[in-house]
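Please keep the sequence and the model side by side while reading.

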Amino acid sequence: MDTTALDAATRRYRRAEAAFDRARTELTAEVVALLRSTDERGAQAEVARRTGWSREQVRQIMQRAAQTPPATDQ
């Protein structure tokens, strides 16, 4: 049984998953930073519109972020 193509596809899939995870982490960090920096009315709704996430997902992200204080430069 030749599994060369299967192994190659598996490697591509794992690389894509890792890239997706990194992008999601970066996007989440940008969302948190933006929403922490503004008290503008409708900001969460705008983030939801731009990201494609629901407003509930954005609220949950912010709730999790509230449990972790923002990083400070030392």
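Is Arg59 buried, partly exposed or exposed? With a relative accessible area of 34%, Arg59 is partly exposed, where buried means under 20% relative accessible area, exposed over 50%, and partly exposed in between, for a 1.4 Å probe and protein chains only.

## Basis of the values

The model is predicted, and local features need pLDDT of at least 70, side-chain atom pairs count only at pLDDT 80 or more, and totals for chains, interfaces and linings use all residues. Residues are numbered from 1 along each chain as its sequence is written, and side-chain values use heavy atoms, with hydrogens and water left out.

## The nonpolar core

In soluble globular proteins, nonpolar side chains tend to be buried together. Here the largest nonpolar core has 11 residues, namely Val31, Val32, Leu35, Ala43, Val47, Ala48, Trp53, Val58, Ile61, Met62 and Ala65; such a core is a set of buried Ala, Val, Leu, Ile, Met, Phe, Trp, Tyr and Cys residues joined through side-chain atoms within 4.5 Å. At least two residues of this core come from each of helix H1 (4-36), helix H2 (43-51) and helix H3 (55-66), where helices are DSSP runs of H or I with at least four residues, numbered from the N terminus. H3 supplies the largest share of this core, four residues.

Ile61 touches Thr28, Val32 and Trp53, residues up to four places away in sequence not being counted, and contact means heavy atoms within 4.5 Å. Ala65, which lies in helix H3, counts as buried because its relative accessibility is 12%. Leaving aside neighbours within four places in sequence, Ala65 is in contact with Val32 and Arg36, and the C-alpha atoms of Ala65 and Val32 are separated by 7.0 Å although the two residues are 33 residues apart along the chain.

## The largest pocket

The largest pocket holds about 170 Å³ of space. A pocket is an open set of points on a 1 Å grid over the protein atoms alone where a 1.4 Å probe fits, with protein on both sides within 12 Å along at least five of seven lines, and lining residues have an atom within 4 Å of a point. Its lining has 13 residues, and Leu34, Ala43, Glu46, Val47 and Arg50 lie nearest the centre.

H1 and H2 each supply at least two residues of this lining, with H2 giving the most, five residues. By class, the lining has five nonpolar, three polar and five charged residues.

## Salt bridges

There are four salt bridges in the structure, each being a side-chain nitrogen of Lys or Arg within 4 Å of a carboxyl oxygen of Asp or Glu. In one of them Asp21 pairs with Arg24, the closest N and O atoms being 2.7 Å apart; these two residues are three residues apart in helix H1 and therefore separated by about one helical turn. Asp21 counts as partly exposed at 37% relative accessibility, as does Arg24 at 40%.

In helix H2, Arg50 and Glu46 lie four residues apart, about one turn of the helix, and form a salt bridge whose closest N and O atoms are 2.7 Å apart. Arg50 is exposed, with a relative accessible area of 64%, whereas Glu46 is partly exposed at 29%. Glu46, Arg49 and Arg50 are linked in a network of salt bridges. Arg59 meets Glu56 in a further salt bridge (3.2 Å, N to O), and Glu56 is partly exposed, with a relative accessible area of 38%.

Note on methods. Grid points are joined across faces, edges and corners, and a volume is the space filled by probe spheres set on the points. Ala, Val, Leu, Ile, Met, Phe, Trp, Tyr, Cys and Pro count as nonpolar, Asp, Glu, Lys and Arg as charged, and the others, Gly among them, as polar.
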